[in-house]
Amino acid sequence: MHLSLAAKPRGVHLVTREILSQLPQVSMFETGLLHLFLQHTSAGLAINENADPDVRHDTETFIDDLIPENYPKFTHVLEGSDDMPAHLKSMLFGCELTIPLFEGRPALGTWQGIYLIEARNHGGRRRIVATMQGKARNNVV
């Protein structure tokens with residue numbers, strides 16, 4: 001199944017609801033796995049704090065300090081000063097997540113949510129391939 005995330009500015013965004021709203025089939029699983037694969041090389045996925053937005057802000061601040069734009073040793077600069085840093089941030093966070101499913105819901109912890117780490121200033125819509133496998137609730141799947 002293909003999902004689409006609305007375009008977001010550079011930053012760390014909580015996208016749990018945006019993703020799950022496109023996956024009503026999750027409710028059909030008693031147990032299983034949800035695999036999310038982001039089809040981009042300039043953004044990443046992660047699981048972390050879903051309540052305090054300061055965590056997202058601090059994460060963005062740290063990774064921007066760790067991998068700054070206009071680093072003088074970068075040679076891949078034709079697509080803009082944010083492009084090579086975006087590729088590195090994507091590699092740092094990764095482009096996929098596997099989340100257990102239990103009783104028709106993702107088995108995320110109380111304070112966990114799915115993050116999109118948008119590393120481009122204007123990355124555009126982001127595509128995710130989602131797959132699910134597992135045991136059906138009441139023989140539905």
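User: Does N70 count as buried or exposed, and at what relative accessibility?

Analyst: In this predicted model, N70 is found in the loop between helix 2 and helix 3, the latter covering residues 83–93. The cut-off for an exposed residue is a relative accessible area over 50%. N70 therefore counts as exposed, at a relative accessibility of 58%.

User: What is the phi of N70?

Analyst: N70, which belongs to the loop that lies between helix 2 and helix 3, is not a glycine, and yet its phi is positive. The value of phi for N70 is about 60°.

User: In what order do the strands of the open sheet stand?

Analyst: The sheet is built from 5 strands, and their pairing is antiparallel. Its edges are formed by strand 1, residues 2–5, and strand 6, residues 105–106, each of which pairs on one side only. Read across the open sheet, the order is 1-8-3-5-6.

User: What is the bridge partner of L101 in strand 6?

Analyst: Strand 5, which spans residues 96–102, pairs with strand 6 in the antiparallel sense over 2 bridges. Within this pairing, the partner of L101 is P106.

User: How many bridges join strand 1 to strand 8?

Analyst: Strand 8 covers residues 126–136 and runs antiparallel to strand 1. In this pairing H2 stands opposite V129 of strand 8. The number of bridges joining strand 1 to strand 8 is 4.

User: Which residue in strand 8 does L33 stand opposite?

Analyst: Strand 3, made of residues 29–38, pairs with strand 8 in the antiparallel sense, and 9 bridges link the two. The residue of strand 8 that stands opposite L33 is Q133.

User: What is the area of the nonpolar surface patch made by F62, L66 and L92?

Analyst: One of the contributors, F62, lies in helix 2, which runs through residues 53–66. Because its relative accessibility is 54%, F62 counts as exposed. Together with L66 and L92, F62 makes a nonpolar surface patch of about 320 Å².

Methods
Residues numbered from 1 in each chain as written. Predicted model: local features only at pLDDT ≥ 70, side-chain atom pairs only at ≥ 80, totals over all residues. Heavy atoms only, no water. Pairing = 2+ DSSP bridges. Patch = residues over 30% accessible without salt bridge, like charges linked within 9 Å, V, L, I, M, F, W, Y side chains within 5 Å. Areas by Shrake-Rupley, 256 points an atom, 1.4 Å probe, with all protein chains shown as cover. Salt bridge = Lys/Arg side-chain N within 4 Å of Asp/Glu carboxyl O. Buried < 20%, exposed > 50% of the residue type's maximum accessible area, 1.4 Å probe, protein only.
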